[in-house]
Structure formats: structure tokens, C-alpha cells
Amino acid sequence: MRRLTILLFGLLPLASPVTGQRLPPPIPSAAPPTFTASSRVGGGLGRQGRPFGDSRDYRWEGVLVGGVGLGLAGGIGAAVWCSRESNSHNCVAATVLSTAFFGTIGSIVGGLIGGSISKVPPSGG
């Protein structure tokens with residue numbers, strides 16, 4: 001038995017790997033590229049000197065329009081609703097909170113809608 005063990009351990013370095021022990025070729029990934037911390041260093045300014053980089057869609061415009069538009073509508077609606085009530089509410093606090101709430105909702109929705117619309121690159125003419 002001892003000779004068999006010595007023989008097997010002596011032949012072990014000569015063995016070739018079995019097919020199941022080989023690594024398969026890497027599968028290409030569809031994941032978006034990852035960015036390192038060094039790619040964001042530089043004051044936060046994009047390639048054209050604008051904050052938030054060079055956007056290829058209308059997400060930031062959507063955030064601005066949606067936030068301001070729905071924020072103003074919510075603030076005006078709260079002011080009108082509060083002024084028509086006959087009880088003693090603090091209309092300033094209700095108007096400010098309503099403007100902030102609806103402005104946040106409008107910014108999120110506007111950013112999602114604007115992000116789905118791509119900008120057409122300018123023609124070189």
C-alpha cells in the first residue's frame with residue numbers, strides 16, 4: 001500500500017489538468033463601465049467647463065423645468081387653498097412646505113422624462 005501511495009504522489013506532477021478544471025473564456029458583460037475616483041477629480045467640472053459634465057440628454061433641463069413648474073403650481077395652490085379656509089392655519093408654512101414638496105416631485109419626474117430624450121448632435125455645417 002505504501003508503494004502505491006508513493007507511486008501516485010510521484011506521478012502527480014506529470015498529470016495534465018482535466019477539462020473540467022480549466023477556466024472557461026470570459027463572458028462579455030453588458031454592464032455599464034465603472035468609473036474610478038480619479039475620473040471625477042478636477043473640481044467637478046465637465047469637459048466644457050459646466051457643472052455635471054457634458055450631458056447627452058435633457059435630464060438637467062427637465063429637473064429645472066419640472067421642479068420650478070410644479071413647485072410654483074403647488075405653492076400657488078397651497079396659498080389659494082389656505083386663504084379660502086376660515087380656520088387659523090399658518091399659510092406661510094403650508095405654502096413653503098407645499099412648494100418644496102411639489103418642487104421635489106417635479107424635479108424627479110422632469111429628470112426622468114428629460115433623461116429619456118437624447119440631444120441630437122449639432123451638424124458640422
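Reply: A residue is called buried when its relative accessible area is under 20%, exposed when it is over 50%, and partly exposed in between. Keep in mind that this is a predicted model. Take Ile105, which lies in helix H3: its relative accessible area is 35%, so Ile105 is partly exposed.

Me: Which residues form the nonpolar patch on the surface together with Ile105?

Reply: The patch is made of Tyr58, Leu70, Phe101, Phe102, Ile105, Val109, Ile113 and Ile117. Together they have about 680 Å² of accessible area. Helix H3 gives the largest share of this patch, with five residues.

Me: How many aromatic pairs are there in the whole structure?

Reply: A search of the whole structure turns up one. Its partners are Phe101 and Phe102, with ring centres 5.3 Å apart and planes at 80 degrees, an edge-to-face arrangement. Phe102 is partly exposed, at 33% relative accessibility.

Me: Now to charges. How should I think about salt bridges?

Reply: The general idea is that side chains of opposite charge can pair when their charged atoms come close. Here, searching the whole structure gives two salt bridges. In one of them, the side chains of Arg59 and Asp57 meet, at 2.8 Å from N to O.

Me: Are Arg59 and Asp57 buried or partly exposed?

Reply: Here the two partners fall into separate classes under the cut-offs we began with. Arg59 has a relative accessible area of 39%, so Arg59 is partly exposed. Asp57 is at 8% relative accessibility, and therefore counts as buried.

Me: What does Glu61 form a salt bridge with?

Reply: The partner of Glu61 is Lys119, and their closest N and O atoms are 3.2 Å apart. Glu61 lies in helix H2 (residues 59-84), while Lys119 is in the segment after helix H3 (91-115), so this pair ties together parts that are 58 residues apart in sequence. Both ends are partly exposed: Glu61 has a relative accessible area of 34%, and Lys119 has one of 27%.

Me: Which ring does Lys119 lie over?

Reply: That ring belongs to Tyr58: Lys119 lies over its face, at 5.2 Å from the ring centre. You have already met Tyr58 as one of the residues in the nonpolar patch.

Key. Residues numbered from 1 in each chain as written. Predicted model: local features only at pLDDT ≥ 70, side-chain atom pairs only at ≥ 80, totals over all residues. Heavy atoms only, no water. Salt bridge = Lys/Arg side-chain N within 4 Å of Asp/Glu carboxyl O. Buried < 20%, exposed > 50% of the residue type's maximum accessible area, 1.4 Å probe, protein only. Helix = DSSP H or I, 4+ residues; strand = E, 2+ residues; numbered from the N terminus. Phe/Tyr/Trp six-rings, centres within 6.5 Å; stacked < 30°, edge-to-face > 60°. Lys NZ or Arg CZ within 6 Å of the ring centre and 35° of its normal. Patch = residues over 30% accessible without salt bridge, like charges linked within 9 Å, V, L, I, M, F, W, Y side chains within 5 Å. Areas by Shrake-Rupley, 256 points an atom, 1.4 Å probe, with all protein chains shown as cover.
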